[in-house]
Amino acid sequence: MRFSRGWAASIAAISLVVLAACTVGDGGVSLPVPPKAAVQSWNESAPSFSDAKKSSALRVIIGGDLLPHRPMLLEPSQIATALAPLRSLFATADAVVANYETATGQVSDTEDRRLIYGVEPAWMDAVADSGVTAVTIANNHACDLGRVGLEASIRAAEGSMTALGAANDDPWRARTIAEKNGHRVCAVAWTTFTNNARSSCEKSRELALAPLDRKGTARAVSAIADARASGC
């Protein structure tokens, strides 16, 4: 993404284009570094809800992992309670992005529960109700429950949030996460590996996967270039 200096300075907190990539770099190959944006710490001097919404600045909040640790955060009500203190902060943003560090579905008692995460679809609804507007599905836990779990995650996000890095059509296509005053902010997300390697989930072409090699890096660079060309 490219912005004029004035527009870049107006962005409060943003990670441009790449939101859920693991560390990338192999044999000296590196991704292009997006232009720096001003980052505002959230403190007592931050604008109120009404002021933020009226501002000409485009505000994007980038969060970390939404991880359903058992038993504390497994139930939808528990993740809702955990995110409740952030609702007023999220309400001041034009977009809120976090990483959906799980698959969707039931974890079998026969599986190694220490390494596999799964939640019911209502868990995604609770995240959306908290004010999160987009989730990166592409991460190492995306295939924990196989292709069925990945597709369930994509379906769970439909209608309530923007899914990044996973889709039934093209997981690499840039998704718009915010628009304001003629500017459109998009996101491309991918993972460098999954915990369920070489599975039908990885081969389904529904997950944006870019291994840590030259081919993987080239795929990510191409997706970013396509995003820029589309007007993001």
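Reply: The side chains of Thr136 and Asn99 make a polar contact at 2.6 Å (N or O atoms within 3.5 Å, one able to donate a hydrogen and the other to accept it; residues adjacent in sequence count only through side-chain atoms on both sides). The model is predicted, so local features need pLDDT of at least 70 and side-chain atom pairs 80 or more, while totals for chains, interfaces and linings use all residues. Residues are numbered from 1 along each chain, and side-chain values use heavy atoms, without hydrogens or water.

Thr136 has 2% relative accessibility, so it counts as buried (under 20%; exposed is over 50%, partly exposed in between, with a 1.4 Å probe on protein chains only). Thr136 belongs to strand 6, which covers residues 134-136 (strands are DSSP runs of E, at least two residues; helices are H or I, at least four; both numbered from the N terminus).

Strand 6 pairs with strand 7 in the parallel sense, over 3 bridges (pairing needs at least two DSSP bridges). Within this pair, Val135 has Ala163 of strand 7 as its bridge partner.

The two strands are part of an open sheet of 4 strands, ordered 2-3-6-7, with parallel pairing. Strand 2 and strand 7 (162-164) are at the edges with a single partner strand each, so one side of each has no neighbour in the sheet. From one strand to the next, the twist averages 20°.

Strand 2 (60-66) is packed against by the buried residues of helix 3, as are helix 4 (87-90) and helix 5 (121-129) (contact is heavy atoms within 4.5 Å). In helix 3 (76-83), Pro76, Ile79 and Leu83 are buried, whereas the exposed Ser77 and Thr81 are on the face turned away from that buried side.

How values were computed. Axes fitted to C-alpha atoms, helices over the stretch in contact; angles between N-to-C directions.
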